[in-house]
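User: I am new to this structure and would be grateful for a close look at a single part of it. Please describe how the part is held against its surroundings.

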Amino acid sequence: MRILSYSYPTALLALALLLGWEGYCRLAGVEPMILPSPSGIAHVLWLERAAIAPHVLATLGVATLGFTLSVGFAFATSVVLHFVPWVRRGLMPLFVASQTIPIVALAPLMILWFGFGLLPKVLLVILVTFFPMLVSLLSGYAAVPQAYLDLLRSMDAGRVAIFRRATLPAARGAFLAGLRISATYAIVATIFAEYAGARRGLGIYILAAKNNFRADLVLAAVVVSAALTLLLLGLLQLADRVTGRRFRGPADAAG
Amino acid sequence: MRILSYSYPTALLALALLLGWEGYCRLAGVEPMILPSPSGIAHVLWLERAAIAPHVLATLGVATLGFTLSVGFAFATSVVLHFVPWVRRGLMPLFVASQTIPIVALAPLMILWFGFGLLPKVLLVILVTFFPMLVSLLSGYAAVPQAYLDLLRSMDAGRVAIFRRATLPAARGAFLAGLRISATYAIVATIFAEYAGARRGLGIYILAAKNNFRADLVLAAVVVSAALTLLLLGLLQLADRVTGRRFRGPADAAG
Amino acid sequence: AQDLHDVSIALDWTLNSNHVGLIVAEERGLYDDAGLDVEILPYSDTASSALLASGAADFAYMTSLGFMTARATGADITALWVTMQHETGRLVYQSDNAEIARPADLEGKTYAGFGSAWEDALISTMIETDGGTPDYDTVTLGTGAYEALATGRVDFTLEVATWEGVNSELLGREQSSFAYADYGIPDQQNGYIGSRTDYLAENPDVVARFLSATQDGYEWAADHPEEAADILIGAGDFPNAELVRGSMQAIVEGGYLDAADQPVGGIDGDRLAAMARFLFDSGVLTGPGGETLEWPGDVSDWYDQGWMDE
Amino acid sequence: MLRVDGLTIRSGDQSVVSDVSFEVAEERLTCLIGPSGCGKTSVVKWLAGVLAPTLAAEGQATLDGAPVRPPDRAIAYQPQQDALLPWLTIAENAALGLSVRGMPRTEARRTIMPLLASFGLDGTEDAFPAALSGGMRQRAAFLRTIVQESRFVLLDEPFSALDAVTRLTMQDWLAARLVERPRGILMVTHDLHEATQMADRILVMGARPGRITADIPIDTPRGKRTEAALAEIRTSLRTRLLEETT
Amino acid sequence: MLRVDGLTIRSGDQSVVSDVSFEVAEERLTCLIGPSGCGKTSVVKWLAGVLAPTLAAEGQATLDGAPVRPPDRAIAYQPQQDALLPWLTIAENAALGLSVRGMPRTEARRTIMPLLASFGLDGTEDAFPAALSGGMRQRAAFLRTIVQESRFVLLDEPFSALDAVTRLTMQDWLAARLVERPRGILMVTHDLHEATQMADRILVMGARPGRITADIPIDTPRGKRTEAALAEIRTSLRTRLLEETT
Ligand SMILES: Nc1ncnc2c1ncn2[C@@H]1O[C@H](COP(=O)(O)OP(=O)(O)OP(=O)(O)O)[C@@H](O)[C@H]1O
Ligand SMILES: Nc1ncnc2c1ncn2[C@@H]1O[C@H](COP(=O)(O)OP(=O)(O)OP(=O)(O)O)[C@@H](O)[C@H]1O
Ligand SMILES: Cc1ncc(C[n+]2csc(CCO)c2C)c(N)n1
Ligand SMILES: [Mg+2]
Ligand SMILES: [Mg+2]
């Protein structure tokens with residue numbers, strides 16, 4: 001009930017948008033090849049569900065693998081950079097620079113270099129999703145209250161013990177924030193990578209739909225991709241809830 | 001001097017990377033059509049400077065226009081959303097959803113809808129850069145210390161005066177952070193948009209280089225694009241320095 | 001100077017020898033003489049027929065497939081010209097691939113594709129005609145296809161004989177090919193220039209001037225292949241000038257531009273209908289609701305060469 | 001004379017403060033003490049017109065018998081901590097109340113400048129708050145409050161962020177300022193010592209819900225408020241407070 | 001007996017603390033007071049082995065004459081605020097020092113459980129710190145420090161975040177705990193009142209650079225420390241502190 005009353009402005013606005021779009025399509029008589037109506041998109045989405053399914057699965061597979069590796073890699077890197085300041089100073093600018101590379105240009109080259117298997121796609125997903133997580137993790141580590149570190153150090157805890165007992169749990173919120181940002185890009189990055197070359201996947205589906213002049217199928221695939229991203233975000237939210245009992249509760253009472 | 005001694009690990013690492021790459025290209029004898037060497041890229045970049053220049057200018061123009069509009073639009077929207085909570089509740093989920101759209105799919109459709117002119121490109125740049133700024137602004141507004149607001153309210157200041165005198169200046173840091181994130185994407189988003197349709201621009205250049213099997217030119221364009229983004233980030237940093245006398249200085253002494 | 005009428009044309013691919021007549025007409029002032037300021041739009045990731053249909057361009061240079069798919073799907077566009085009198089596409093594979101001797105051998109092989117539905121119809125028909133089962137693996141790679149073929153990561157792909165074919169030869173790649181027409185595909189003309197029907201109705205004069213000048217351009221190129229190649233090289237960004245020259249030579253030697261029974265650019269209605277029929281019958285064309293399209297019976301309104309009469 | 005009558009503040013259906021009535025005398029310092037969470041800040045915020053919108057309040061404030069609806073220019077408010085805006089210079093911060101009322105920048109500065117010296121702030125007018133010590137910041141905040149020329153001033157734990165020594169200095173300093181420019185002051189504090197040193201009257205609040213449980217005049221003249229002279233009243237206040245808590 | 005000899009702490013070429021020597025007696029409470037920034041926290045952090053790496057220290061700590069290199073198990077440290085880890089339950093927080101030394105989880109819990117009651121924490125063992133009041137959190141932090149069974153305990157302004165009333169209660173409570181389980185305590189405080197109520201000895205620090213300017217034993221027995229009894233010593237301490245500052 002509360003969620004309903006909370007989300008009705010969104011629902012209303014979304015509905016108004018869709019109705020406006022539908023009305024425009026019907027009244028102005030735009031060619032569906034150029035701008036299909038929402039009802040048309042919903043219709044083909046239903047008709048083509050069997051054709052889209054394998055592509056969705058392929059994309060999900062690559063995105064999941066790439067994102068998982070990216071999370072692991074970001075975590076490992078963050079630990080190294082946390083403990084070795086000169087590596088951090090050396091690598092961070094390079095990571096920033098890596099974010100300025102247009103993947104449109106890089107993706108076809110990656111396919112050339114690494115073939116059309118999983119590798120180039122996973123690498124592209126990592127390229128896109130790695131950095132926001134790394135930054136969030138490092139800023140999370142840096143935000144641990146000094147008192148926690150001092151306390152553990154005064155107990156004669158070693159660097160690793162301090163990291164495990166204070167730094168890491170304190171960075172949980174920042175990590176989740178980074179995870180959410182990265183997750184928003186994971187599916188889109190996969191689609192990009194597929195677009196440059198793949199056997200199967202939403203990227204291929206979009207490319208084919210475009211080449212066959214089926215704007216309705218392109219938009220249907222966009223809807224599916226957005227739904228996948230929202231699903232991924234929802235899963236993260238769920239994982240947070242399920243695992244985070246220790247990290248919730250009322251805001252810190254004693255300030 | 002200080003900046004030199006600070007950035008030498010980066011320079012060292014970057015140099016090692018480039019040397020390794022160069023060495024691999026020379027020793028393994030990879031075809032430059034597949035993986036050009038850094039020296040090869042630098043060389044064609046120099047040779048092709050006259051050919052690349054007009055594309056760079058076109059991209060810069062679109063990126064600047066799109067980014068400027070995006071900043072203005074994000075600011076205007078943030079003000080509206082700040083003052084009208086139900087619009088905020090209604091629109092934010094839609095903005096989040098807009099970030100899950102793969103631009104690969106949308107860009108060609110935008111060209112079909114809005115033609116070859118500036119409009120579709122500017123819209124795509126806005127689509128990509130608008131959201132991080134909006135989020136940063138809103139979180140900046142929310143982070144104003146309540147005491148500042150209470151103080152002004154007790155002086156009988158109106159909503160607009162409070163916003164102008166406390167909320168807005170307090171959000172400056174968050175705004176700049178959002179600006180930096182968005183600026184990182186501005187050039188890349190422009191290249192994307194051009195890729196789907198433009199008369200001129202780095203996107204077109206990259207596409208042509210790719211179809212001519214010129215991996216070296218593709219990478220040269222990537223280098224240029226990265227340089228443009230770093231330039232944009234540098235300009236923002238400079239603008240911050242020049243305008244921010246009031247907002248710098250030692251961290252707040254009285255805690 | 002006189003007031004020039006602005007027209008724009010979108011290309012099917014990055015500038016190449018197929019477009020030579022347009023460049024020659026532009027560079028030799030034929031368009032100026034016709035009172036036109038022609039903008040040749042650079043190739044982008046959006047199909048030229050889509051750009052044309054949406055009104056983003058006045059004319060489009062389209063692959064036969066691009067034109068027919070768009071037209072069959074309901075775009076209101078009409079073909080006015082065709083560049084190549086014979087199919088320039090062909091199916092290629094590495095000569096040292098001992099497993100491939102005939103299309104039937106493609107069964108179970110890997111194809112590097114470009115992401116359009118017709119490729120499957122084309123290849124399946126060729127395999128079937130040759131007595132094989134059309135069962136093969138597709139990897140969509142776009143331009144990456146040729147590198148993938150050369151490095152053996154895929155078994156076959158499609159190419160334009162007068163461009164990628166020449167390029168492979170220059171690179172010394174040993175490749176063999178099958179002609180579509182030998183295996184059940186109607187021989188088609190290729191490289192249509194078209195416009196929107198409403199544009200035709202409103203600017204018949206502009207259309208006629210544009211296409212006549214274009215025709216003059218291609219005729220001149222056919223007669224002066226070497227000079228035409230140099231004009232093209234001067235107009236575009238060609239990293240490999242030899243490819244352009246070789247390609248022009250191939251076009252002229254192959255008699256692609258002028259057929260005995262046709263003026264340069266002339267459309268053969270029967271062959272267009274045969275190819276369109278093939279597309280409909282192979283079921284690759286679907287409408288906006290996803291339904292398979294019915295053969296309209298008559299496609300003579302798909303093209304219009306009325307401009308040649310003036 | 002500023003009066004509060006029958007003030008009740010509710011959060012949902014819980015009373016935060018219940019039927020509180022008291023008065024703040026002209027040119028006198030009234031202290032409000034009580035255990036944490038008893039509602040001291042809420043009372044002051046209500047009088048300043050800045051109560052959180054999630055809290056519902058009933059009650060009446062009157063100024064010399066006439067009803068007032070806060071925020072009102074007769075009542076100035078100084079939030080806990082100093083709330084100096086970090087992007088304004090000390091002069092700009094001090095003039096904030098004047099600027100908000102529409103006084104032009106140069107005139108506001110003219111008003112502030114002669115006062116800086118007596119607030120121990122001469123030479124800092126163009127410095128930013130971050131460059132000042134806690135005590136100087138606190139004085140700048142007082143200057144900002146004082147120049148608003150309101151008859152009454154609400155101070156919410158003005159010294160709680162200062163260290164003990166600076167706090168002692170600032171207490172003396174504020175007392176001296178009040179002799180120069182008398183105001184009716186309502187000051188919230190946690191510190192028994194501070195209350196007994198500075199107040200003309202002490203209002204003691206109890207919790208759950210917040211209400212006034214005692215109203216104690218301090219008659220010892222300021223000059224004679226030594227540790228020894230106040231020992232007794234402090235001990236009784238402490239006992240009372242500890243009782244309130246359990 | 002814990003001794004510090006000739007402790008000098010530098011930040012760059014500025015002295016933060018200069019040639020400080022003092023001792024902390026076994027089973028007695030020593031208070032360290034002084035103006036803000038004089039280096040109290042720095043001295044305590046050095047003794048705890050957690051001085052910021054940007055500060056350079058020279059000096060010697062000895063335990064019964066034998067040199068120690070902090071951190072040392074004989075010396076427990078309780079940071080300013082309570083520093084309870086929000087993601088650990090009260091029991092886990094209290095047992096943190098034990099777990100760090102490698103004591104298994106169940107054994108650590110067995111050690112903690114019987115002590116909860118006397119710390120006023122019974123029933124809270126599986127609650128998270130956020131659910132507790134400031135006083136309860138402070139007690140949990142004390143429990144964490146006490147169970148480490150170190151001979152000496154360093155407390156940096158343990159009560160400064162508490163409101164005045166809770167603070168008074170906690171002072172009494174801590175005094176009672178120290179009677180039960182005596183420790184040598186070095187306690188930094190800002191609060192003269194707190195120092196005179198609780199200390200067996202008061203070390204007064206001066207600033208720029210930090211050094212010890214007085215070492216004052218408080219001989220009044222704890223039972224007799226009324227406001228009146230301490231008035232004199234408090235007045236003299238205040239005068240001394242105010243002098244230090246100017
Ligand atoms: N915005 C709010 N919404 C709901 N409840 C509130 C709000 N602000 C304060 N309260 C509650 O009202 C009560 C009184 O709070 P208030 O801050 O007025 O107390 P206080 O006496 O100033 O305490 P302290 O001495 O800690 O400053 C508390 O129980 C608090 O939790
Ligand atoms: N990490 C650090 N690096 C450099 N200087 C520091 C550092 N920590 C503290 N200082 C400086 O050392 C001096 C003493 O600081 P310290 O925190 O020890 O004082 P204190 O007596 O505890 O003050 P307070 O009463 O405010 O807690 C101060 O001038 C401070 O600015
Ligand atoms: C110069 C040139 N090269 C390749 C293509 C795209 N393409 C790749 S394979 C093929 C033939 C299919 O029958 C086509 C057209 C093009 N349009 N123009
Ligand atoms: Mg309060
Ligand atoms: Mg300290």
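Analyst: In chain D, the side chains of Glu149(D) and Arg181(D) form a salt bridge, at 3.0 Å from N to O; the term denotes a side-chain nitrogen of Lys or Arg within 4 Å of a carboxyl oxygen of Asp or Glu. This is a predicted model, in which local features need pLDDT of at least 70 and side-chain atom pairs count only at pLDDT 80 or more, while totals for chains, interfaces and linings use all residues. Residues are numbered from 1 along each chain as its sequence is written, chains are lettered from A and ligands numbered from 1 in the order in which they are written, and side-chain values use heavy atoms, with hydrogens and water left out.

Chain D is assigned domain 1 (2-74 + 152-244) and domain 2 (85-149), with bounds from an automatic or database domain assignment. Their centres, taken over C-alpha atoms, lie 25 Å apart. In the contact (heavy atoms within 4.5 Å), domain 1 of chain D supplies 13 residues and domain 2 of chain D supplies 12 residues.

Together the two domains of chain D bury about 1300 Å², 67% of it on carbon and sulfur atoms; buried area is the accessible area (1.4 Å probe) that two parts lose on being put together, summed over both. On the side of domain 1 of chain D, the residues that lose the most area to domain 2 of chain D are Arg73(D), Trp173(D) and Arg181(D), together 41% of what that side buries. Across this interface of chain D, 2 salt bridges are found.
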